[in-house]
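Trainee: I am new to this structure. Please show it to me, and let us talk it through.

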Amino acid sequence: MTTLFDPYTVRGVTARNRLWTSPMCQYSVLDRSGVPQPWHLVHLGSIAAGGSGIVFTEATSVSPEGRISPEGTGIWTDEQAEAWRPIADFIAGQGAVPGIQLAHAGRKASSWAAWGFEDRTGGSVPLDEGGWTTVAPSAEAFGDMAVPVALDLAGIDTVVEDFRAGARRAVDVGFRILELHAAHGYLLHQFLSPLANHREDEYGGSLENRARLLLRIVTAVREEVGEDVPLFVRFSGSDWAPGGWDEQQTATVAGWAQEAGADFFDVSSGGIAAGIRIPIGPGYQVPFAEHVRSSAEVPVSAVGLITTPQQAADIVESGAADAVMLAREILRDPHFPLRAAHELGATIDYWPPQYLRAQWR
């Protein structure tokens with residue numbers, strides 16, 4: 001039986017356990033340069049010291065217009081990439097695997113940051129306040145945000161090359177795992193979902209067409225970084241809306257993505273449209289991951305209101321997922337994996353030596 005503290009290896013890169021840290025936006029590039037700040041080093045570094053097997057950065061944009069907010073991180077310049085280097089090095093130095101999520105927000109870009117702008121809720125950041133014109137598969141707005149420009153074929157080609165360049169920079173500065181963000185209503189998910197993609201060309205209509213951009217990016221990234229770098233894809237397992245993206249489409253496209261060079265699938269849900277009510281509860285997204293794993297026969301991680309060591313252990317031991325991703329619980333307790341090992345009676349050897357006096361006995 002696989003346990004939560006068994007290592008996991010993909011393309012020669014081994015995570016020390018199956019407790020991994022999900023990408024979580026911090027909205028902390030206050031100068032709006034896209035360059036990661038000391039906050040990112042401390043935030044991600046403390047989680048690595050806390051025992052996670054893989055520590056992913058927040059959604060990091062491959063282009064200026066791909067940022068979720070002006071305060072998001074980027075990797076479209078060499079300056080940004082070099083600022084990530086000490087962060088990746090520190091994560092690796094703590095025994096965790098440094099991973100980066102490469103992203104483009106599409107029509108959900110140019111939004112107000114989640115903190116610091118409490119008086120500016122809703123809508124897009126105006127152009128005269130640092131916002132920008134967004135792009136999407138179709139010229140249809142997300143909620144009350146600005147209407148995006150529909151990408152033409154040249155624009156789609158540029159997106160592919162932006163992901164390729166971001167992947168190269170990420171690997172060059174020490175990230176050992178890459179993840180493509182195709183979830184939560186951002187650009188790649190917008191192309192996948194029939195609720196956001198109403199194109200009539202080769203990028204719209206059929207599932208094959210709607211998946212074309214993602215598969216082109218998977219292929220381009222694999223070509224760019226070679227055979228040794230694991231490539232993850234984050235999917236929304238469901239749009240939670242009639243006629244939208246669902247777990248079976250996710251499973252089908254995951255299989256295609258694996259054939260194109262992806263290795264592992266991080267299954268979340270939602271985000272494609274405003275006003276959708278999602279019935280949340282403990283582990284509410286796990287069934288999507290389990291369906292993708294069994295239907296496509298691909299490795300997956302589960303995420304979503306996983307808050308206790310026993311719950312996380314049960315997900316892995318039952319075979320519902322190969323690993324769990326922690327998000328808000330790891331913010332509450334960056335040392336969750338160390339605590340989980342104690343509570344579950346697992347023997348581990350990666351307590352930071354500076355903290356050994358604090359081990360539970």
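Mentor: We will go through the record, the strands and the salt bridges in turn. This is a predicted model: local features need pLDDT of at least 70, side-chain atom pairs count only at pLDDT 80 or more, and totals for chains, interfaces and linings use all residues. Residues are numbered from 1 along each chain as its sequence is written, and side-chain values use heavy atoms, with hydrogens and water left out.

Trainee: Which feature does UniProt place at residues 4–344?
Mentor: The span is 35% helix and 15% strand, and its end C-alpha atoms lie 9 Å apart. Helices (H or I, at least four residues) and strands (E, at least two) are DSSP runs, numbered from the N terminus. UniProt positions follow the numbering used here, feature names are shortened, and annotations may be inferred rather than shown by experiment. The unreviewed UniProt entry names the feature "domain: NADH:flavin oxidoreductase/NADH oxidase N-terminal".

Trainee: How many residues of strand 5 (residues 97–103) are buried?
Mentor: Buried means under 20% relative accessible area, exposed over 50%, partly exposed in between (1.4 Å probe, protein chains only). V97, G99, Q101 and A103 point one way from strand 5, while P98, I100 and L102 point the other way, and all are buried. The count for strand 5 is 7 of its 7 residues.

Trainee: Which residue of strand 5 is the bridge partner of T60?
Mentor: Two strands pair if DSSP finds at least two bridges between them. Strand 4 (residues 54–61) and strand 5 run parallel, joined by 6 bridges. In strand 5, the partner of T60 is L102.

Trainee: Which residue of strand 8 stands opposite G99?
Mentor: Strand 5 runs parallel to strand 8 (residues 177–182), and 4 bridges join them. Opposite G99 stands I177.

Trainee: How many residues apart are E224 and R168 in sequence?
Mentor: A salt bridge is a side-chain nitrogen of Lys or Arg within 4 Å of a carboxyl oxygen of Asp or Glu. E224 forms one with R168, the closest N and O atoms being 3.1 Å apart. E224 lies in helix 6 and R168 in helix 3, so the pair ties together parts separated in sequence by 56 residues.

Trainee: What is the N to O distance between R164 and E224?
Mentor: E224 is partly exposed, with a relative accessible area of 24%. Its side chain meets that of R164 in a salt bridge, and the N to O distance is 3.7 Å.

Trainee: In which helix do E343 and R339 lie?
Mentor: Their side chains meet in a salt bridge at 3.0 Å, N to O. E343 and R339 are 4 residues apart, so about one helical turn separates them in helix 11 (residues 336–344).
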